[in-house]
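This report describes a predicted model. It covers helix packing, selected residues and the confidence of the prediction.

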Amino acid sequence: MTIGIGLLGLGTVGAGVAEILLTPEGRHPLVADLALKRVAVRDLNRPRPVDLPAEILCSDPEAVVNDPAVDIVVEVMGGLEPARSLILAAIAAGKPVVTANKAVIARYGEEIAEAAAKQGVYVLIEAAVGGGIPIIEPLKQSLGGNRIQRVSGIINGTTNYILSRMADEGAAYDAVLADAQRLGYAEADPAADVEGGDAADKIAILTGLAFGGSIDRAAIPTQGINSLDSCDVTYAAQLGYVVKLVAKAQYQGIDPAGSVELDVRVSPTLLPKDHPLAGVHGVNNAILVEGDPVGRVMFYGPGAGAGPTASAVVADILNIAGIRAATGASGQLDPLLAANRWRSCQLVDPGETLQRYYVRLQTGDQAGVIGRIGSCFGDQGVSIRSIVQFETSGDPADAEIVVITHEVLERNFRQALASIKALPDVNAVCACLPTL
Ligand code: NAP
Ligand code: HSE
C-alpha cells in the first residue's frame, strides 16, 4: 500500500527527508511504501541537492495540502505563517501532519492539538526538539509513569557549536556563526538561535509534555549567548566551570487553585566540569530528565542539521504509516489519544525561585572592597561559595571580582545586587549568570 507524502519545504530538512524517501534500500521496510507526491518551495529555480521530477515541485503549498494523492503532510518550511494555517488546513482535510516547526508548536500547539483531536488525526513533532534525538515520544510515552521534577538541557545546536569552537579553538564568533549557517544548523534568522528564542520554543514544548499543560511562551525569561562576554567563559574555566546555553523547566509545586507552578528559563549557565551536560560539545544536544521514580535519564545526540533532523521527521512518518499498516485505517487517532488530558500550568515569579549565581563586578582595587560586597550579600542572607579577585591591569580604579553564590532566593540575590551596585567602589555589574 503506497502512502503519499506531501512536503512543504525543500531546504535543509526537507532535502534530508526527500533523500531518505528516495533511497529506501537498507532502511525500515515501510520506507519503500512512502512515495513523495508533491513538494512546495518558494523559488522553483533554486538548485536542489536532491533530484526530483520537475512535475512534483510547485510554489503553492496549499496545492500540496489539498492534493488527493497526499496522505501525510510534512511541514518543514519554518516561520509562523503560512505554516500554522497550512497545518490547520491539513488537519481539517483529515490528513496527519509531521512538523519540525518548534516556533509554531510553541505558540499554537494547543490550538493545533485541539483541532487534531477534534478531527481525529495525528500531529507528530519529534524533529521540533533535539534534532535527531528521540525525546518527544519518550517524554510522551516511555516516562509517562513518572512525576517529572526537572527537564534541563542544551537544546540549541547552533549556539553549542559556536560556544564549543570559541572555547576549543579561540575561533571568532562571526566566523563560527557563518559556519553554522553553511552547515544548515542555524534558523533562517539566526537571531532566534543566538538570542535564545529557539531554545525557549523548545523548552516550552518539553514543558508541555513533561508537566501536562501548556505555558505562556512569551513569558519565559530568555537570555542568549549574544549577551555573553568571553572573559566570563575564561573566568568560569579557571573556577572549574563551563558555560553553556541551558534551558530548564523546574517543578515548583501546585498553587491553591490546582495549577502546576513552574520555573522555566533559558540562559547562558555555568556548569561544574563534572556535570553531565558539561561534556556536550559541538552541534550535539542533551536533555536531562529528572523524575520520580526513574531518577536521571539523559538523551544525547546531534541537535541540528539535515540528516539528524530528517531522521526524526521520517520516524514520525513511519509511526503514522505503521498505524495505517496495522489497522488498515486512515491513520486516525485512537479515541483515548484524542481525549483532552491537559492540566493548567503557569510560570512562577522568578524572584521566588532558588538559584546559584556567578557575578562579575568591576570595582576599584581598594582595601575593604571585598568585605563591603560580602556584607551586601550577607545582609540579604545570600551565602557566598567563592569570591575571587582576578588579575588586574594594576590601575587602582580597575579590578574584577567574581562571586559564586550558594543556592539562594533570587529575590534576595537581586536586592543584594542592587545594594552592591550602589557601593561607591563598584563601577559595574558586568555579568550575572545562573550556575548549576
Ligand atoms: P530552510 O533551509 O530555510 O528551508 C525552508 C524551505 O521552505 C525552503 O525550501 C523554502 O523554499 C520553503 N519555503 C519557505 N516558505 C515557503 C512558502 N511560503 N511557500 C513555499 N515554500 C516555502 O529551513 P530548514 O533549516 O530546513 O528548517 C525547516 C523547519 O525545520 C523550520 O521550522 C526549522 O525551525 C525546523 N528545524 C530545522 C532544523 C535544522 O537543523 N535546520 C532542525 C530542527 C528543526 P526555497 O528553498 O525555495 O527558499
Ligand atoms: N537552529 C536549531 C539549532 C535547529 O541550532 O538547534 C535545530 O532545531
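## Helix α1 and its packing against α11

Helix α1 (residues 12-22) and helix α11 (residues 306-327) cross at roughly 60°, and their axes come within 8 Å. Because angles from 65 to 115 degrees count as roughly perpendicular and those under 35 as roughly parallel, α1 is classed as oblique to α11. The crossing in which α1 passes α11 is right-handed. On the α1 side, the contact is made by Thr 12, Val 13, Gly 16, Val 17 and Ile 20. The residues contributed by α11 are Ala 306, Thr 309, Ala 310, Ser 311, Val 313, Val 314 and Ile 317. Sorted by class, this contact has eight nonpolar and four polar residues, with no charged residues.

Helix α1 is largely enclosed by the rest of the structure, because eight of its eleven residues are buried. These buried residues are Val 13, Gly 14, Ala 15, Gly 16, Val 17, Ala 18, Ile 20 and Leu 21. They pack against β1 (3-8), β2 and α11.

## Helices α4 and α9

Helix α4 (residues 102-119) packs with helix α9 (residues 197-211) at an angle of about 50°, the two axes being 9 Å apart. The two helices, α4 and α9, are therefore oblique to each other. The crossing of α4 past α9 is left-handed.

Lys 102, Ala 103, Ile 105, Ala 106 and Arg 107 represent α4 in this contact, where they meet Asp 198, Asp 201, Lys 202, Ala 204 and Ile 205 of α9. By class, the contact of α4 with α9 has five nonpolar and five charged residues, and no polar ones.

## Helices α6 and α7

Between helix α6 (residues 157-169) and helix α7 (residues 173-182) the packing angle is about 140°, with the axes 9 Å apart. That angle makes α6 oblique to α7, because only values over 145 degrees count as roughly antiparallel. The crossing of α6 and α7 is right-handed.

From α6, Thr 158, Tyr 161, Ile 162, Arg 165 and Met 166 meet Tyr 173, Val 176, Leu 177, Asp 179 and Ala 180 in α7. The class composition of the contact between α6 and α7 is seven nonpolar, one polar and two charged residues.

## Two individual residues

Glu 410 is found in helix α14 (residues 410-421). With a relative accessible area of 7%, Glu 410 is buried, because values under 20% fall in that class. When neighbours within four places in sequence are left aside, Glu 410 is in contact with Arg 265, Pro 350, Gly 351, Thr 353, Gln 355 and Tyr 357.

Asn 45 lies in the loop between β2 (34-40) and β3 (57-58). Asn 45 has a relative accessible area of 72% and is exposed, because the exposed class begins over 50%. Asn 45 and Val 264 are separated by 219 residues in sequence and, from C-alpha to C-alpha, by 43 Å in space.

## Confidence of the prediction

The protein has a mean pLDDT of 94, and 96% of its residues reach 70 or more. Over residues 335-339, the pLDDT is below 50.

Key:
Residues are numbered from 1 along each chain as its sequence is written. Chains are lettered from A and ligands numbered from 1 in the order in which they are written. This is a predicted model: local features need pLDDT of at least 70, side-chain atom pairs count only at pLDDT 80 or more; totals for chains, interfaces and linings use all residues. Side-chain values use heavy atoms; hydrogens and water are left out. Axes are lines fitted to C-alpha atoms, for helices over the stretch in contact, and angles run from 0 to 180 degrees between N-to-C directions. Helices (H or I, at least four residues) and strands (E, at least two) are DSSP runs, numbered from the N terminus. A crossing is left-handed if the near helix is turned anticlockwise from the far one by less than a right angle, and right-handed if clockwise. Contact means heavy atoms within 4.5 Å. Ala, Val, Leu, Ile, Met, Phe, Trp, Tyr, Cys and Pro count as nonpolar, Asp, Glu, Lys and Arg as charged, and the others, Gly among them, as polar. Buried means under 20% relative accessible area, exposed over 50%, partly exposed in between (1.4 Å probe, protein chains only). pLDDT is the predictor's confidence in each residue, from 0 to 100.
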